[in-house]
Each structure stands twice: as C-alpha cells, then as structure tokens.
Amino acid sequence: MKTTIEQLEDKFFVTLEGELDTAAAADVEQILQPLYHSNGKDVIIDCTGLEYIASSGLRILISVLKGAKAGGSKVILKNLNDDIKDVFRLTGFINLFEFE
C-alpha cells in the first residue's frame, strides 16, 4: 500500500494506491493522522490506484472526515472504482463523503 500526502496552497492532496486492508491499515493511519487536524484545509483523496478497502480502511477515512469537519474542512474522494464505490453504498458511507 502506497500513501502520499502533499499540501498545496489551502488543500491537502492524498493518493492511495494498492489494497487498504487490515495489514496496511496501521501504516496508512499513521501517515494520514496529521489530516485529523487539517485546520480549515480541504482534503482531496485520489483513489485512482486504490484496488481494495477493508472495514479498517473505512474507519480511517471516517476518522479523517470527522477531524476535517471539526476544523471546517471538506473531504472529497476522487476516482473510486465501481467495486469500492459499492462498498461505500453498502455501508451507507456514500452519504457521508463528497465524491468527484
């Protein structure tokens, strides 16, 4: 699993590549933890290379969302494949996030 964060102007850009499964979750959570306090900067998460997401991965994204909203930021998920979008639909998380 490859996870990168880049800050440009007033936004954080995150790229997720690979499988966000239970084995990768701890590392990804550590990398994304600074986004829990995004201080008014929106968080854009590009999922073009994300092949799979487990419940532990969903929990991490919810934590990012809660922290961002508390600071007045938005979290936008981009380029989800159909299988991952179905996971968001089935869990009801489709209503929590913004998608592009």
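Predicted model: local features only at pLDDT ≥ 70, side-chain atom pairs only at ≥ 80, totals over all residues.
Me: How do strands hold together in a sheet, and in what order do they come here?
Reply: Strands of a sheet pair through backbone hydrogen bonds, parallel or antiparallel. Here five strands make an open sheet, ordered β1-β2-β3-β4-β5, with mixed pairing. β1 (2-8) and β5 (98-99) are the edge strands, each pairing on one side only.

Me: Which way do β1 and β2 run, parallel or antiparallel?
Reply: Antiparallel, with seven bridges joining β1 to β2 (residues 11-20).

Me: How many bridges join β3 to β4?
Reply: Four, and these two strands run parallel. Ile 45 stands opposite Leu 77 in β4. From β3 the chain passes through α2 to reach β4, a right-handed β-α-β crossover.

Me: What is the bridge partner of Leu 77 in β5?
Reply: Phe 99. Two bridges join β4 to β5, and the strands run parallel. The chain goes from β4 through α3 to β5, and this β-α-β crossover is right-handed.

Me: Which strands does helix α2 lie across?
Reply: Helix α2 (residues 55-70) lies across β2, β3 (42-53) and β4 (75-78). Its direction is at about 175 degrees to β3.

Me: At what angle to β3 does helix α3 run?
Reply: At about 110 degrees. Helix α3 (residues 82-91) lies across β3, β4 and β5.

Terms used:
Residues numbered from 1 in each chain as written. Heavy atoms only, no water. Pairing = 2+ DSSP bridges. Contact = heavy atoms within 4.5 Å. Axes fitted to C-alpha atoms, helices over the stretch in contact; angles between N-to-C directions. Right-handed = clockwise from strand over helix to strand, strands pointing away.
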